[in-house]
Amino acid sequence: MRSLACLLLALGIASAAAEGPAFNADRARINYMLNCQGCHLPDGGGVGDIPQMKNFVGNFLKVPGGRAFLVQVPGSANAALDDAALAELLNWMLLEISAAQLPEDFEPYTAAEVGQYRAAPLSDVNAVRLPLIQKIALLSGN
Amino acid sequence: MNLTRFADAIDHWTERRARGIARGSSRRGWLKTLGGALVGGAVLPLLPVARAQAASGVPAGTSVPAGTGVPEEGDPESCGYWRYCAIDGFLCSCCGGSENACPPGTEMSPITWIGTCHNPADGKSYVVSYNDCCGRTPCGQCLCNRNEGDLPMYVPQKNNDINWCLGTQSAVYHCSTAIIIAQGLD
């Protein structure tokens with residue numbers, strides 16, 4: 001009987017996790033179009049010097065500092081979006097274009113967290129980005 | 001006897017019909033008809049009337065493929081056309097292309113400046129992508145400079161004064177399109 005209760009509880013947690021974070025996907029998509037897509041392209045594929053986010057950007061959440069980095073890059077930190085809208089956009093984007101790379105214990109960004117990170121934007125993006133990329137490469141054994 | 005005459009009559013009639021068809025048509029005439037049907041069928045949906053008729057409620061936030069489902073009014077060869085609310089450059093519509101397509105011999109930039117414009121035909125806002133066409137010298141026709149939503153150069157992703165011929169083989173600017181990519185939320 002106890003095992004049945006455990007099973008039901010586990011199923012309940014699993015279904016809650018499957019629902020994902022609550023956000024307005026339409027609003028997030030429009031905000032992505034207006035603030036990101038012009039350079040990052042509709043699917044986040046990138047081109048030339050613009051880095052590929054599709055099937056990659058979720059990796060940043062697996063390494064220390066990566067979670068803050070995604071908010072501190074100029075495109076995020078300087079976006080004409082308030083903290084709640086930026087958190088919504090990031091959560092939507094991560095699940096939309098890089099769900100397979102997210103850590104299993106992915107926690108959606110909150111507005112307060114985003115506000116804290118973007119208060120310290122990066123002046124030299126590559127100096128922070130390269131070590132993160134190296135850590136990600138080590139994770140995947142490359 | 002009667003049967004033979006009847007057979008002769010059919011034979012005669014068939015021969016006349018066959019010769020008549022051969023005289024009145026060319027052997028490759030069907031190609032012309034088929035070609036006409038193909039081209040006509042392709043061009044017809046592009047006509048503004050058809051586009052206006054096809055206008056329907058596009059759900060907010062969904063992508064809008066070029067030329068479908070958006071009610072239209074105004075002249076795409078004029079700066080006042082609603083989609084050009086934030087444009088700065090030459091209209092591809094005046095340069096051998098259209099508001100949706102580059103002129104022949106140019107390459108559309110994948111990197112683009114994106115804003116929103118108010119459509120007077122249905123009173124709704126649409127997300128517009130000003131993809132530049134690149135690879136030939138500036139077109140020089142229909143220079144338009146409307147700057148709704150334009151921000152200073154230090155916000156480059158929202159500035160329309162910079163050259164958006166990025167990610168193309170050539171960085172030479174020719175003209176600008178104004179492509180609808182979504183309907184706004186309000």
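B:Ile114 stands opposite B:Ser129 of strand E4 in chain B. That pair is where I start today. The model is predicted: local features need pLDDT of at least 70, side-chain atom pairs count only at pLDDT 80 or more, and totals for chains, interfaces and linings use all residues. Residues are numbered from 1 along each chain as its sequence is written, and chains are lettered from A and ligands numbered from 1 in the order in which they are written.

Chain B, then. Read from the N terminus, the order is α-α-α-β-β-β-β-β-β-β-β.

Back to the opening pair. Strand E3 of chain B, residues 113-119, is joined to E4(B) by 7 bridges, and the two run antiparallel. Two strands count as paired if DSSP finds at least two bridges between them. The hairpin of E3(B) and E4(B) has 4 residues between the strands, and in this hairpin B:Gly123 takes a positive phi near 70°.

E4(B), residues 124-130, is also joined to E8(B), by 4 bridges, again antiparallel. Across that pairing, B:Tyr126 stands opposite B:Gln183, and B:Val127 stands opposite B:Ala182.

Buried here means 20 or more other C-beta atoms within 10 Å of the residue's own, exposed means 12 or fewer, and partly exposed is in between, with C-beta atoms placed from the backbone. Over the 186 residues of chain B, buried residues make up 32%.

What does B:Val128 touch, leaving aside its neighbours within four places in sequence? It is in contact with B:Arg83, B:Ile114, B:Gly115, B:Thr116, B:Cys117, B:Ala178, B:Ile179 and B:Ile180. Contact means that the two C-beta atoms, placed from the backbone, lie within 7 Å. Of contacts in chain B between residues at least 6 apart in sequence, 71% join residues at least 24 apart.

Chain B also has an open sheet of 3 strands in the order E2-E5-E7, with antiparallel pairing. Its edge strands are E2 (107-108) and E7 (173-176), each pairing on one side only. E2(B) is joined to E5(B) by 2 bridges, and B:Glu107 has B:Cys134 in E5(B) as its bridge partner.

Now the core. The largest nonpolar core has 57 residues, and A:Leu90, B:Val127 and B:Val128 touch the most other members. A nonpolar core is a set of buried Ala, Val, Leu, Ile, Met, Phe, Trp, Tyr and Cys residues joined through C-beta atoms within 7 Å. Helix H5 of chain A, residues 83-98, gives the most to this core, with 8 residues.

As for the contact between the chains, 12 residues of chain A are in contact with 14 residues of chain B. The chain A side has 6 nonpolar, 3 polar and 3 charged residues. For these classes, Ala, Val, Leu, Ile, Met, Phe, Trp, Tyr, Cys and Pro count as nonpolar, Asp, Glu, Lys and Arg as charged, and the others, Gly among them, as polar.

H5(A) also packs against two helices of its own chain. The axes of H5(A) and H6(A), residues 111-118, come within 8 Å and cross at roughly 100°, which makes the two roughly perpendicular. Axes are lines fitted to C-alpha atoms, for helices over the stretch in contact, and angles run from 0 to 180 degrees between N-to-C directions. Under 35 degrees counts as roughly parallel, over 145 as roughly antiparallel, 65 to 115 as roughly perpendicular and the rest as oblique. The axes of H2(A) and H5(A) come within 9 Å and cross at roughly 95°, so this pair is roughly perpendicular too. Its contact has 7 nonpolar, 1 polar and 3 charged residues.

Last, two phi values. Most residues other than glycine have a negative phi. A:Leu41 has a positive phi, near 75°; A:Leu41 is in the loop between H2 (25-40) and H3 (66-72) of chain A. With 19 C-beta neighbours inside 10 Å, A:Leu41 counts as partly exposed. B:Cys142 has a positive phi of about 50°, and with 20 such neighbours B:Cys142 counts as buried.
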